[in-house]
Amino acid sequence: MNEKTIRALVEAGAVKKVLMIADGAAIHVDIITANAVITATTSKGSIKTWATIDATAKWVKALGIGKVQLEISRWLPGQRGLSF
């Protein structure tokens, strides 16, 4: 889901939990509602990723979310991502 839709879910109070998942060099956000797990996407439909935890946290905070769960079991902070 894109940012606009996620903002609407936050404003409606439908968000139960937010997960910041670090996998390799990239970090993405999953939004958990009562009915589904939604991954944040770009306007083009690809998964929205960040290179740092603080940049991800700033984006989540800008959505109006103050509490997240961070999963770093597969995070490799020194790894470089591939450019396509």
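View 1. Helices here are DSSP runs of H or I with at least four residues, strands are runs of E with at least two, and both are numbered from the N terminus. This is a predicted model, in which local features need pLDDT of at least 70 and side-chain atom pairs count only at pLDDT 80 or more, while totals for chains, interfaces and linings use all residues. Residues are numbered from 1 along each chain as its sequence is written, and side-chain values use heavy atoms, with hydrogens and water left out.

View 2. Which residues of α1 are buried? In this helix, made of residues 3-12, they are Ile6, Leu9 and Val10; buried means under 20% relative accessible area, exposed over 50%, and partly exposed in between, with a 1.4 Å probe and protein chains only. These three cover an arc of only 100° around the axis, which puts them on the same side of α1. The arc is taken from the directions that run from the helix axis to the C-beta atoms. As a reminder, an α-helix has 3.6 residues a turn, so residues three or four places apart point the same way. On the face turned away from the buried side you will find the exposed residues Lys4, Glu11 and Ala12. The buried residues of α1 pack against β1, β2, β3 and α2, where contact means heavy atoms within 4.5 Å.

View 3. Two strands pair if DSSP finds at least two bridges between them.

**View 4. Strand β1 and its partners.** Strand β1 (residues 15-24) runs parallel to β4, and five bridges join them. Here Gly24 stands opposite Trp75 in β4. With β2, strand β1 runs antiparallel, joined by eight bridges. Met20 has Val29 of β2 as its bridge partner, and Ile21 stands opposite His28 in β2. A hairpin joins β1 to β2 through one residue.

View 5. β2 pairs with β3 in the antiparallel sense over three bridges, and the two form a hairpin with three residues between them. Asp30 has Thr39 of β3 as its bridge partner. Is His28 buried or exposed? His28 is buried, with a relative accessible area of 17%. Leaving aside neighbours within four places in sequence, His28 is in contact with several residues, including Leu19, Thr39, Ile47 and Trp50. Thr39 is partly exposed, at a relative accessible area of 24%. Not counting residues up to four places away in sequence, Thr39 touches Met1, His28, Val29, Asp30 and Ile47.

**View 6. The largest nonpolar core.** This core has 14 residues, and those that touch the most other members are Ile6, Val18, Val29, Ile31, Trp59, Val60 and Ile65. A nonpolar core is a set of buried Ala, Val, Leu, Ile, Met, Phe, Trp, Tyr and Cys residues joined through side-chain atoms within 4.5 Å. α1, β1, β2 and α2 are the elements that give two or more residues to this core, and the largest share, three residues, comes from α1. Ile65 touches Val10, Val18 and Val60, not counting residues up to four places away in sequence.

**View 7. Confidence along the model.** The mean pLDDT of the protein is 91, and 94% of its residues reach 70 or more; pLDDT is the predictor's confidence in each residue, from 0 to 100. Confidence is lowest in β4, at a mean of 92, and highest in β2, at 96.
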